[in-house]
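Q: I have a model open and want to learn how to read it. Can we go through it feature by feature?

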Amino acid sequence: MTEIQGFFQRFGNLLFDHRKVVLAVIFAITGWFAWHIPTVRMLSDFADLLPQEHPYIQLHNSIRDTFGGANIVILSIEVDEGTIFTSETLARIHRITDAVDQVTNINHNLVTSLTHRNTRKIFLTPDGTIKSQSYYDPHAEYTPEMLAAMQRDVLSNPRVYGLLVAPDMKAALVKGTLNEGELDYGKVFDEIQKIRAREAAPGVTIYATGHPMLAGWVDSYSTQILQIFLYTIIIVVGILVVYTRRWYGILLPSFGMLLTSIWGVGFMGVFGYNLDPLMLVVPFLISARSMSHGIQKVERYFLELARTNDREVAARNTFNALFRPGALAIVADAAALALIGLGSVPINDKMAIYASFWALCMVVTVLVTVPMMLALLPQPRIVAMKRTAIRKIFPKLALVTATPMRSYSVLWVALSIVLVSVYFSSWVKIGEPEPGSPLLYRDHDFNVSSTAINERFPGSEELFIIARTDEKGGLKRPAVLKALVDFQHHMLLDDTLGGAKGLPDLIRQVNQMTRNDDPRWAVIPNRPSDAGGLMFMYMMSAPIPGALLEFLDTDEKIANMVFYYKDHTGETIRRAIHLAEEWIANVGSKVEGLHIELAGGPVGVTAAIDQEAYETNLIVVPAVLTLILGFTVWFYGSMHSGVMMLVAMGFATALAYACMGILGLGLNVNTVPMIAVGIGLGVDYAIYMMDRIKEEMHFVDNLQEAITRAVGTTGVAIAFTATTLIGGIVMWVFVSDLRFQADAAELLIIMLLLNACSAMFLVPAWVDIFKPRFIMQAAEERWSRTEYVDEFAGADS
C-alpha cells in the first residue's frame, strides 16, 4: 500500500504543479460536452425495451410486418344507453376507424374494427356462391330492421362477437398497429387524444390503451422534470447550508455536481443515447453522489487549512489524502453500474454505459477539480469547523453497540428481520403484478381505460403463436389443421383466455357455409385440396386484396394464431406460455412437418421482457455482490472483510426485496437496474464504517472504544451522504405523475436508508462480536504517522 500511496502523492503533486493547465483542459472538455447536450432527446424507445437475443423477440421481428407487432393502439367506444347498433354510434365508430387509419406510422393493413372494410361477414348466395361483405356501409341509410340484422350477423361471427364487439353489445373496439422503427410516440399520442376529444359526446365514453398510448403518456410528463429539478436544487442547497454554513461549502460542491451533469449528459449526446424518462432517477442520484464527494473535499480542506493556514498546502493535502480512497469508491460504484448491462435488454445496456461513465467522471469533475479550485480561490477568513446539531447526535447512536450484549442483540434483531423479509420477498411477482401498467397510478386515464376494456371484452391483450410447416402449402394438410384445432382447445383451458382466432376457424366456418350453414359441417376437410378450395373461395369472395393475410402467408407455410387475454400480468403470461409449451412437448412435436413457435404480439413481447428481467436479476445482483466481495478483499487483504460486506449488503438487499413485495413492485426490466444501483451506491456506507474502525485501532487498544469513536464520527459522514443522495431523488416521490418514477425513487430511498442503518449498527456489532483479524492487527502495527486521520479521511476510505 505504501508504494500505491507514494504513486498517488507524486501524481497529485504533478497535477497541482500544473493546476491551471489541468483546469483549462477540464473546462475545455466540459465545453465540448456542453456543445453536445442539445442533441440529447428525452424519449422512450420501444425497441430499447426488447431483449433482441430472446427467441420471442426474434420471432416478433420476423412477423411484425406481416401479422403485426406489439405497438397496437386500442380504442373502445362505449355507450351508456342501448347498444352500439344505432346509426349515430356506428357512424362515430366509422369516423374513429378512418381517423386511426390516418395516424402517423399506422400499418393500414392492420387496422380493424366493426366498420372497417377488412371486417367481413361471409354468406352463401341463392346460387350457391360464397360471398363476403363489410358489416357497415357508410353511405347506406340504416333502418331499425337493418340494424337488427347487423346485430344478428355480428352475434353469429365468433371472430367479431366478443373480440371487436362486446358481448353486451354496448361497446366496440377499434385497433391499429403501428409500423415499428423510429416512432414518434408523442405525435401518435397527440393524434389519438385529438380523436377522443373530437368524438366525445354525452352518453359516449371513448377509452384508449396500448403501448403507444402508454409511451405517449410517459413522454407527456417530460415537462415535470424541470419542476422536479428545481425542487431538487432547493433541497440540495438547503442540505449544504444546514451542514456546512459556508459559501465554499455551498458553491464548490454545486459546481462539481454541475460539471458532472454536463459530462454525463454530453456523453449521451456524443454517442446518440436518448434520456429515457423512466430512468431519470439514476442520473439524479449519481449527480447527488457527486455533490456528497464535493462537500467532503471542502470539509477536509478547512480542516487542513486550520492546521496549515496556507490555502495551497491545504488543497494539496486534501487531494493527496482523499484522492485514492475517493477514486476507489467511485470506481467501485461505476463498476457496479456497468454490471447492469450483463443482460440483453438494450435500455439496460445503454444505461450501464452512460451511467458508469457519469459516475466515473466524478474522479475528474470532483476529486481533481474541487481541490484545485480551492487552491486558486481566495483563502477564507474563518476556518473553524461549524458545530452543527448533526455532529452532536451521532455520538449518542454509538451507545447501540456500546457493549457486547447490545451487539449480540443487534445481530439477532437483524437476523429476525431478514427471516421476516424472506417471507415478504416471496410476494414479489415476475413481470407486471396487476392489470394495466405499473408505470402509472391506478386512477390514471390509461389504467382506467385498460380496466374498462378488459372488463367489457373477453380479451384485449393479444398473444401471437406461429404455426410453421416444412413445405409450401403445408397448412392445407388436414393433420396440421386438426392439430391446430386441438392446440386452440388446449389453450382455451385457461380461464383468462377470452377467445382465439386462427386459420382452422375460418376453414370450418366456410365449410359450414357451403353445406347450407349446417353446423355439423363446421369441421376440417379430410383432403388438402378441399381445405385449399375453401381458402380460395373465401379469398375470391372478398373484393379487397389480401383477405387471407391476417391468417397465413402467401406460401401457405406460416399461419398466425391469435389468443386474446384479459391482461398481461406476470401470472397470466406464465400460465399461457406454460400451456403452449406443454402442448408442443406432448402433441405438437409428434405432428410431422409442423413447428409451433412462441411468441409474438403484446403478450409475447412482454413474456420475453419478463423472462429476461428475471434472468438478468439472477445475474446482475450476484455479480454486484461478487464485485463488492472482490473489491473489499483486494483492498483490505482479508476474506473476512469481504464476508462482512456481503452480510451488510445481503441484509439491505433482502429488505429491499421485501419492500418491493409490500409495495407491489414487480420484478421487471425497470426495477432490476434500480436494485443494482441501490446496492452499488449503498456499499460505500459499510466500507466507510469498517475502514474507520480499523483506523481507530491505530490509536486505541480497546476495540469497543474504537467502535464507539468510529460510530460517533463516521456516522456524521454516512448521515450526510445518505441525506444528500435521498435529497437528490425524494421529489420524484411527491411530484412525479409517473408511478414508476415515484416507486423507483422510493425503492432507492429505502435501500439507501437500509444500507446506512446496516453500516451504522450491523457492521459495528459484527466487528464487536467476531473481532476480524485484519482490524485487530491494526492495534499491533507500528506505523509512522505524522497526523491524526480525521473523520472525513476515514469516511471517504
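Q: Where is the place of Met169?
A: Start with the secondary structure on either side. This is a predicted model. In it, Met169 sits in the loop between helix 5 (144–155) and strand 5 (171–177).

Q: Which loop holds Lys771, and what is its phi?
A: Lys771 lies in the loop between helix 25 and helix 26 (773–776). The phi of Lys771 is positive too, near 45 degrees. Lys771 has a relative accessible area of 43%, so Lys771 is partly exposed.

Q: How do I read the whole chain? How many helices and strands are there?
A: The protein chain has 27 helices and 10 strands. Of its 797 residues, 60% are buried. Now take the contacts with a separation of 6 or more. Residues 24 or more positions apart account for 81% of them.

Q: Which residues touch the most other members of the largest nonpolar core?
A: The largest nonpolar core here has 232 residues. Leu75, Ile465, Met491 and Phe563 touch the most other members. Helix 25 (residues 739–770) gives the most to this core, with 19 residues.

Q: How do I read a helix pair? At roughly what angle do helix 17 and helix 18 cross?
A: Take the axes, then the handedness, then the residues. The axes of helix 17 (residues 478–491) and helix 18 (residues 503–513) come within 9 Å and cross at roughly 110 degrees. An angle of 65 to 115 degrees counts as roughly perpendicular, so helix 17 is roughly perpendicular to helix 18. Their crossing is left-handed. Helix 17 brings Leu481, Leu484, Val485, Gln488 and His489 to the contact, and helix 18 brings Leu503, Pro504, Asp505, Ile507 and Arg508. By class, these are 6 nonpolar, 2 polar and 2 charged residues.

Q: Is the crossing of helix 9 and helix 13 left-handed or right-handed?
A: Right-handed: that is how helix 9 passes helix 13. The axes of helix 9 (residues 247–271) and helix 13 (residues 362–376) come within 9 Å and cross at roughly 145 degrees. The contact residues of helix 9 include Tyr248, Phe255 and Trp263, and those of helix 13 include Met362, Val366 and Met373. The contact has 11 nonpolar, 4 polar and no charged residues.

Q: Are helix 4 and helix 6 roughly parallel or roughly antiparallel?
A: Read the angle between their directions. The axes of helix 4 (residues 87–100) and helix 6 (residues 185–199) come within 10 Å and cross at roughly 160 degrees. Helix 4 and helix 6 are therefore roughly antiparallel. Helix 4 passes helix 6 in a right-handed crossing. Arg92, Arg95, Ile96, Ala99 and Val100 of helix 4 meet Ile195, Arg198 and Glu199 of helix 6. That contact divides into 4 nonpolar, no polar and 4 charged residues.

Q: How far apart are Tyr221 and Ser736 in sequence and in space?
A: Compare the two separations. Tyr221 and Ser736 are 515 residues apart in sequence and 8.1 Å apart in space, C-alpha to C-alpha. Tyr221 is found in the loop between helix 7 and helix 8 (224–243). Beyond four places in sequence, Tyr221 is in contact with Leu440, His444, Asp737 and Leu738. Tyr221 counts as buried, at 16% relative accessibility.

Methods
Residues numbered from 1 in each chain as written. Predicted model: local features only at pLDDT ≥ 70, side-chain atom pairs only at ≥ 80, totals over all residues. Heavy atoms only, no water. Core = buried A, V, L, I, M, F, W, Y, C linked by side-chain atoms within 4.5 Å. Buried < 20%, exposed > 50% of the residue type's maximum accessible area, 1.4 Å probe, protein only. Helix = DSSP H or I, 4+ residues; strand = E, 2+ residues; numbered from the N terminus. Axes fitted to C-alpha atoms, helices over the stretch in contact; angles between N-to-C directions. Parallel < 35°, antiparallel > 145°, perpendicular 65-115°, else oblique. Left-handed = near helix turned anticlockwise from the far one by under 90°. Contact = heavy atoms within 4.5 Å. Nonpolar A, V, L, I, M, F, W, Y, C, P; charged D, E, K, R; others polar.
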